[in-house]
Amino acid sequence: MIDPYPFGLFVWQEFIGRLHPVVLHLPIGLFAGVAVMEVVAWRISAAAPGRRALSVVFGLSAVLAASTGWFLGSGEDYSGALLDEHRRLGIVTAVAAGLLGLLELIGAAAPRIHALRRVLLIGCGALIASTGHHGGMITHGQRFLSEKAPGWLGPLVGPGERR
């Protein structure tokens with residue numbers, strides 16, 4: 001395809017988009033680290049600065065993952081309702097993770113801020129799971145989990161033949 005943009009912008013967009021499968025794992029691992037540090041910080045206050053730093057990097061990495069995903073989804077290889085849903089979930093996940101990082105960055109210590117941060121952290125976990133599931137259905141097919149799931153679990157993870 002001929003690049004309609006100056007300086008090969010289309011080529012760079014495609015290349016950066018193809019980094020999405022690599023980049024998306026960073027916020028997942030950082031989320032796990034933030035969750036562990038949250039629990040540790042309940043008992044050991046000296047862990048709070050580490051949790052803060054991980055939260056900020058988590059937020060930034062989620063925005064990076066969503067950005068690379070946007071580029072990948074803008075290519076000719078992907079389209080459809082499943083992509084649209086994955087894209088929406090990815091944006092909401094990046095916004096929630098970014099807000100979590102921002103709350104940690106501004107360092108507000110009010111009890112309501114702590115409660116909001118914890119709600120965001122739990123929400124990020126649910127969003128990551130749902131966004132990842134939709135992404136997995138895009139790359140592996142909509143029946144990847146459901147066709148091998150136990151009968152009671154199959155309807156919860158997608159369409160497909162049950163064993």
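**Close-up views of a helical chain**

Glu38, Arg51, Arg52, Glu104, Arg117 and Arg118 are linked in a network of salt bridges. A salt bridge here is a side-chain nitrogen of Lys or Arg within 4 Å of a carboxyl oxygen of Asp or Glu. This is a predicted model: local features need pLDDT of at least 70, side-chain atom pairs count only at pLDDT 80 or more, and totals for chains, interfaces and linings use all residues. Residues are numbered from 1 along each chain as its sequence is written, and side-chain values use heavy atoms, leaving out hydrogens and water.

**View 1. The whole chain has seven helices and zero strands.** Helices (H or I, at least four residues) and strands (E, at least two) are DSSP runs, numbered from the N terminus. The C-alpha atoms fill a box of roughly 55 × 55 × 20 Å along the principal axes. Of the 163 residues, 33% are buried. Buried means under 20% relative accessible area, exposed over 50%, and partly exposed in between (1.4 Å probe, protein chains only). The structure holds nine salt bridges.

**View 2. Arginine 118 meets glutamate 38 in a salt bridge.** The N to O distance is 2.7 Å. Arginine 118 lies in helix H6 (residues 111–140) and glutamate 38 in helix H3 (residues 25–43), so the pair ties together parts that are 80 residues apart in sequence. Glutamate 38 is buried, at 3%.

**View 3. Glutamate 104 forms salt bridges with arginine 51 and arginine 117.** For arginine 51, the closest N and O atoms are 2.8 Å apart. That pair links helix H4 (residues 48–73), which holds arginine 51, to helix H5, which holds glutamate 104, 53 residues apart. For arginine 117, the closest N and O atoms are 3.3 Å from each other. Arginine 117 sits in helix H6, 13 residues from glutamate 104. Arginine 51 counts as buried, at 5% relative accessibility. Both arginine 117 and glutamate 104 are buried.

**View 4. Histidine 86 is found in helix H5 (residues 81–106).** Histidine 86 is buried, with a relative accessible area of 17%. What does its side chain reach? Another is the backbone nitrogen of glycine 135, at 3.2 Å. Leaving out residues up to four places away in sequence, histidine 86 touches His20, Thr131, His134, Gly135 and Ile138. Touching means a contact, with heavy atoms within 4.5 Å.

Technical notes
A polar contact is a pair of N or O atoms within 3.5 Å; within protein, one must be able to donate a hydrogen and the other to accept it, and residues adjacent in sequence count only if both atoms are side-chain atoms.
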